[in-house]
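We will go stop by stop, picking residues and looking at what surrounds them.

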Amino acid sequence: WNHHLDIGMSKAKVCLRSAAILHGITFRALQTSHSSIRERMQQLWPTATFWDLQKRQLVPPEAAQAVFDEFLDRFSTPEYSELVDRLRANCANFGQEIAAAAGNICEWIQSRTFGANHDGLVLQDSPRCLVHGDFKAGNIFLRELDAGPSNGCEEFSSQSYESALIDFQWCGGGIGAMDVAYFMCSAASKACLGRAEEEMLLKYYHSEYCQVADVSDDQF
């Protein structure tokens with residue numbers, strides 16, 4: 001088992017499948033009126049992840065802007081200069097804007113965490129599913145199963161992997177998209193972030209999730 005810092009398409013699919021299994025199994029279990037998982041989840045965080053306003057103090061807009069400016073400065077290298085220039089031109093006040101919107105974003109996530117399920121029934125005290133809460137490369141181990149022939153392109157390699165997750169410190173209730181979005185932003189390589197590649201990965205996660213959760217594609 002190893003950490004992989006360069007998570008391309010094939011490895012990203014393995015990671016997202018692990019997320020889909022975690023989310024789908026617990027979503028399905030939570031639909032059972034007498035499911036013991038609801039009681040057990042009461043012992044976890046009501047809302048998973050460290051990145052919500054129940055666990056983090058809301059920083060003032062000027063401090064958030066300083067963080068964003070520092071982020072751009074760190075990536076002002078020849079490799080990313082074009083992207084940074086576009087961000088400076090089109091998102092110059094992003095830090096202030098995201099800080100101002102943070103409260104509304106948190107409320108939006110909360111409303112969907114404890115919202116209606118696919119039958120239109122409201123689960124007042126139950127989250128949509130169990131969320132890992134810190135679904136990043138450092139908390140995912142991969143093990144190669146088949147080192148078959150490769151055509152030199154990692155996206156189409158015949159290699160296959162299995163994954164194992166660690167560090168459930170911020171595990172709790174939520175919506176699966178919280179893990180998926182964090183993974184795509186923090187762990188997936190640049191090769192995964194083209195529009196077509198990102199859509200391919202999200203469709204793959206969605207398909208796996210629906211299969212495990214035993215719901216049809218048009219319900220989610």
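This is a predicted model: local features need pLDDT of at least 70, side-chain atom pairs count only at pLDDT 80 or more; totals for chains, interfaces and linings use all residues.

## One turn of a helix

Arg74 and Glu70 both sit in helix α3 (residues 61-74), four residues apart, about one turn of the helix. Now colour by accessibility. Arg74 is exposed, with a relative accessible area of 64%, whereas Glu70 is partly exposed at 40%.

## Step back for the whole fold

Zoom out and return to the cartoon. The protein has seven helices and four strands. Follow the chain from the N terminus and the elements come in the order α-α-α-α-α-β-β-β-β-α-α. Of the 220 residues, 38% count as buried.

## Across the sequence: Arg17 and Glu208

Next, select Arg17 and Glu208. They form a salt bridge whose closest N and O atoms are 3.1 Å apart. Arg17 belongs to helix α1 (residues 9-30) and Glu208 to helix α7 (residues 195-213), so this pair ties together parts that are 191 residues apart in sequence. Arg17 counts as partly exposed at 39% relative accessibility.

Keep both helices in view and hide the rest. Two packed helices are described by the angle between their axes and the distance between the axes. Here α1 and α7 pack at an angle of about 35°, with their axes 8 Å apart. Their crossing is right-handed. Colour the contact of α1 with α7 by residue type and you will find 15 nonpolar, two polar and five charged residues.

Now select Glu79 and Lys190. This is another salt bridge, with the closest N and O atoms 3.4 Å apart. The pair links distant parts of the chain: Glu79 is in the loop between α3 and α4 (81-90), while Lys190 is in the loop between α6 (176-186) and α7, 111 residues away. Glu79 is exposed, with a relative accessible area of 55%, and Lys190 also counts as exposed, at 54%.

Switch to a surface view and select Phe94, Ile98 and Ile105. Together they make a nonpolar surface patch of about 230 Å². Phe94 is placed in helix α5 (residues 94-113), and at 37% relative accessibility Phe94 counts as partly exposed.

## Last stop: Phe168

You will find Phe168 in the loop between β3 (160-165) and β4 (172-174). Phe168 is partly exposed, with a relative accessible area of 40%.

Methods:
Residues are numbered from 1 along each chain as its sequence is written. Side-chain values use heavy atoms; hydrogens and water are left out. A salt bridge is a side-chain nitrogen of Lys or Arg within 4 Å of a carboxyl oxygen of Asp or Glu. Helices (H or I, at least four residues) and strands (E, at least two) are DSSP runs, numbered from the N terminus. Buried means under 20% relative accessible area, exposed over 50%, partly exposed in between (1.4 Å probe, protein chains only). Axes are lines fitted to C-alpha atoms, for helices over the stretch in contact, and angles run from 0 to 180 degrees between N-to-C directions. A crossing is left-handed if the near helix is turned anticlockwise from the far one by less than a right angle, and right-handed if clockwise. Ala, Val, Leu, Ile, Met, Phe, Trp, Tyr, Cys and Pro count as nonpolar, Asp, Glu, Lys and Arg as charged, and the others, Gly among them, as polar. Patches are made of residues with over 30% relative accessible area and no salt bridge: like charges are joined within 9 Å, nonpolar side chains (Val, Leu, Ile, Met, Phe, Trp, Tyr) within 5 Å. Accessible areas come from the Shrake-Rupley method with a 1.4 Å probe; for residues, only the protein chains shown count as cover.
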